[in-house]
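Please look over the structure below before reading on.

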Amino acid sequence: MSYHLIIGDKLHSSWSLRAALALDLAGASYTEELIKLNQPDTREQLLKHSPTAKVPLLKTEHGTIADSLAIAEYLVERFPSASLWPKDIAARAQARSACAQMHSGFFAMRGNMPFDLSRDAPLSPMPPEVKTEIERMLALWAECRAASNESGPFLFGEVSLADAFFAPIAVRLRTYQVELPAVDAAYVETIYQWPAFKVWQKAGLEEAGR
Ligand SMILES: N[C@@H](CCC(=O)N[C@@H](CS)C(=O)NCC(=O)O)C(=O)O
């Protein structure tokens, strides 16, 4: 079965990036269709595929799946041998919890630090609620590391869906030049060295004419 992923601009669509990384982790073969966001006809184009009018969308033999988290869980079912979540049940529970927190929260960071792969400038001034959320994010990442018994540079040791969900945060921390403790700076670098991320980043920067 081949899948068809509908995404927004790679430069700007953080939720699309999560789904693409999840597909890469699964080892799924898929085709890709990019709908430019913030255009006069964006909504019309998106509505052709889903009443959500949002990306990412994954077209499958089981219908069109809307929402990055639902896409991720579908891939977990379809590619059981890919171990998309950590193998240990406690780590897996914490990985799911962390992704759900990302999915339903961190609105100050998301709102004040729009995702832009080409950015290289601090957020100035940084609103206190953003600072608080960055601190909470780094604490959450520490909770992930503490819950893992695997070794490796990713949040739960070996790469997992958690890293797909937090890759856009790594991008925000780097592109907004947030000063980080060494362990978090190393994690951001790990994301930037992830081959699937590099492919996306290159395409995103090309969209920006870089
Ligand atoms: N909760 C959704 C969020 C999807 C979302 O907000 N996507 C944005 C792009 S990153 C979108 O499609 N916006 C529609 C628009 O800009 O017109 C998910 O996890 O997939």
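**Notes on the pocket, the ligand and the backbone**

1. The residues that line the largest pocket divide into nine nonpolar, eight polar and four charged. Here Ala, Val, Leu, Ile, Met, Phe, Trp, Tyr, Cys and Pro count as nonpolar, Asp, Glu, Lys and Arg as charged, and the others, Gly among them, as polar.

2. The model is predicted: local features need pLDDT of at least 70 and side-chain atom pairs pLDDT 80 or more, while totals for chains, interfaces and linings use all residues. Residues are numbered from 1 along each chain as its sequence is written, and side-chain values use heavy atoms, with hydrogens and water left out.

3. The largest pocket holds about 590 Å³ of space. A pocket is an open set of points on a 1 Å grid over the protein atoms alone, where a 1.4 Å probe fits, with protein on both sides within 12 Å along at least five of seven lines; lining residues have an atom within 4 Å of a point. The volume is the space filled by probe spheres set on the points, which are joined across faces, edges and corners. Of the 21 lining residues, Ser-13, Trp-15, Leu-37, Lys-54 and Val-55 are the closest to the centre.

4. Helix H1 (14-26) and helix H2 (42-47) each give the lining at least two residues. Helices (H or I, at least four residues) and strands (E, at least two) are DSSP runs, numbered from the N terminus.

5. Which residues surround the ligand? Among them are Thr-42, Leu-46, Pro-56 and Asp-67; a residue is near the ligand if one of its heavy atoms lies within 4 Å of it.

6. A ligand nitrogen is 2.8 Å from a backbone N or O atom of Val-55. Ligand oxygen atoms lie 2.6 Å from a side-chain N or O atom of Ser-68 and 3.1 Å from a polar side-chain atom of His-103.

7. Most peptide bonds are trans. The bond from Val-55 to Pro-56 is cis, with omega near 10 degrees, and Pro-56 lies in the loop between H2 and strand E3 (57-60). The bond from Ser-124 to Pro-125 is also cis, with omega near 0 degrees.

Key. Polar contact = N/O pair within 3.5 Å; in protein donor to acceptor, adjacent residues only side chain to side chain.
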